[in-house]
Amino acid sequence: MLDPKLIRQDLDTVAAKLKHRGVILDVPRLQALEEQRKTLQTRLQDLQNERNVRSKAIGQAKAKGENVDPLFQELKILNDSLKKTEEQFTQVQEELNDLLARMPNIPHESVPLGKSEADNQVIRTWGTSTQFTFTPKDHVDLGEKLGMDFATAAKIASARFVVMRGVLAKLQRALVQFMLDLHTIEHGYQEIYVPYLANSEALFGTGQLPNLKEDLFAITGDQGFYLIPTSEVSVTNTIRDAILEPEQLPLKYVCHSPCFRSEAGSYGKDTRGMIRNHQFEKVELLQIVHPDHSYEAHEEITRHAETVLQRLELPYRVISLCTADLGFSAAKTYDLEVWLPSQNTYREISSCSNTESFQARRMKARYRDNKTEKPEWVHTLNGSGLAVGRTLVAILENYQDEKGGIRVPAVLQKYMGKDYLQ
């Protein structure tokens, strides 16, 4: 959530920055609501003061034995007016809060301007795109003989789910274990296990609600639960309504979980295979940091995600998303894109974002400043370290041979107990 003071004091600048994201603010409506809010707030204060004066006068009149019925009648009229004004103020405040809740984050000044993903900028490339002396197969053709089964998954659930058996199920487990070991042992993250269901307050806190509701799977019943689209929701909300001491920062968590997404906006894209499923595994990296260190942390979390690809020897590139391609909560995002030979292109495998204080304001997550002793907003960051299914896809495609066998990356061989899948 954006700072309400910033919106009140410099709405034109906010509107101009959000326009770069393709968001057009209704500035006249916001200004009109803000004027109403201020007028009603002043009116409320005046009525409350008048009520106090009249209540005191009634007390004094009673003490003198005077008839207070006319005074009570006047007070009743005043209280009715006060109640009506309070209701009007609440309605206006709720409208303002709803508008504020639907505004995305302001892009950081270093984010490239752009109108679509075509304007994203390549920051760096690692490795050489894998080339073969034969026509490479895609992960579906390679995976079918190894235990990748979409037909059975569709029978159990629907399209965009997968059943994996045997060596593929073990490869997914090996990837998870490798990523968790790397991030906990070498990168200093604390592993955390969290619920796979979240309430609406949690999803509001990280920015999925209200705008992104259509991409969530809601659980029927009275509890108001949703399946998590990412463990970012659960882990980040561990600090909701908290005031952290400065020595607790930074907090660094790594979490493995399934993720559930309806892919409501994909419109039939990537329907073949495992690129865009409704359920997938992810190892998520999260940091909660002092505001002065958040962009340093952003570079760090991106390097940690890159390290996974480097250890697996998978070619990739780092993209800085332009203003129009940023996620709702992000002030700045780097995407990691891995090389997929069957598509002869790079595809996203990780997204590392700095949300600055945007999520913290929605969650009321703060730290106590050493100098002022006052609570201040923390900064929150998240990044996939990595999306497990897409990593598995990249291994199948980049490590295939002409006969359709798959070499096991060196760092995974101790987890798999073999160096070749066939």
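Helices here are DSSP runs of H or I with at least four residues, and strands are runs of E with at least two, both numbered from the N terminus. I note that this is a predicted model, in which local features need pLDDT of at least 70 and side-chain atom pairs count only at pLDDT 80 or more, while totals for chains, interfaces and linings use all residues. Residues are numbered from 1 along each chain as its sequence is written, and side-chain values use heavy atoms, with hydrogens and water left out.

**Helix 7**

Helix 7 covers residues 166-186, 21 residues in number, and reaches 30 Å from first C-alpha to last. That is close to the expected 30 Å at 1.5 Å a residue, where the expected span is 1.5 Å times one less than the number of residues. Its buried residues include L168, L171, F178 and H183; buried means under 20% relative accessible area, exposed over 50%, and partly exposed in between (1.4 Å probe, protein chains only). G188 follows helix 7 with a positive phi, near 80°.

**Helix 10**

I then took helix 10 (294-311). Helix 10 has 18 residues and its C-alpha atoms reach 26 Å from first to last, close to the 26 Å expected. Among its buried residues I list H298, H304, E306 and L309. Just after helix 10, E313 has a positive phi of about 55°, although E313 is not a glycine. I place E313 in the loop between helix 10 and strand 11 (316-320).

**Backbone exceptions**

Most residues other than glycine have a negative phi, and most peptide bonds are trans. I find another positive phi, near 60°, at D241, which is not a glycine. D241 lies in the loop between helix 9 (231-236) and strand 8 and is exposed, at 57% relative accessible area.

Which peptide bond has omega near 0°? I find the one from L249 to P250, which is cis. P250 sits in the loop between strand 8 (243-244) and strand 9 (251-260). The bond from G385 to L386 is also cis, with omega near 25°, and L386 belongs to strand 16 (residues 379-387).

**Rings**

I count six aromatic pairs in the structure. Rings of Phe, Tyr and Trp (its six-membered ring) pair if their centres lie within 6.5 Å; planes under 30 degrees apart count as stacked, over 60 as edge-to-face and the rest as tilted. One of the pairs is F132 with F134, tilted, at 4.9 Å centre to centre and 45° between the planes. F132 is partly exposed at 23%, whereas F134 counts as buried at 17% relative accessibility. W339 and Y346 are both buried.

For charges over rings, I use NZ of Lys or CZ of Arg within 6 Å of the ring centre and within 35 degrees of the ring normal. The charged end of K252 is over the ring of Y189, 4.8 Å from its centre. R362 lies over the face of F204, 4.1 Å from the ring centre.

**Surface patch**

Which residues form a nonpolar patch on the surface? I find L197, I219 and F225, with about 210 Å² of accessible area together. I219 is partly exposed at 32% and lies in the loop between strand 6 (217-218) and strand 7 (225-227). The patch rule takes residues with over 30% relative accessible area and no salt bridge, joining like charges within 9 Å and nonpolar side chains (Val, Leu, Ile, Met, Phe, Trp, Tyr) within 5 Å. A salt bridge is a side-chain nitrogen of Lys or Arg within 4 Å of a carboxyl oxygen of Asp or Glu. Accessible areas come from the Shrake-Rupley method with a 1.4 Å probe, and for residues only the protein chains shown count as cover.
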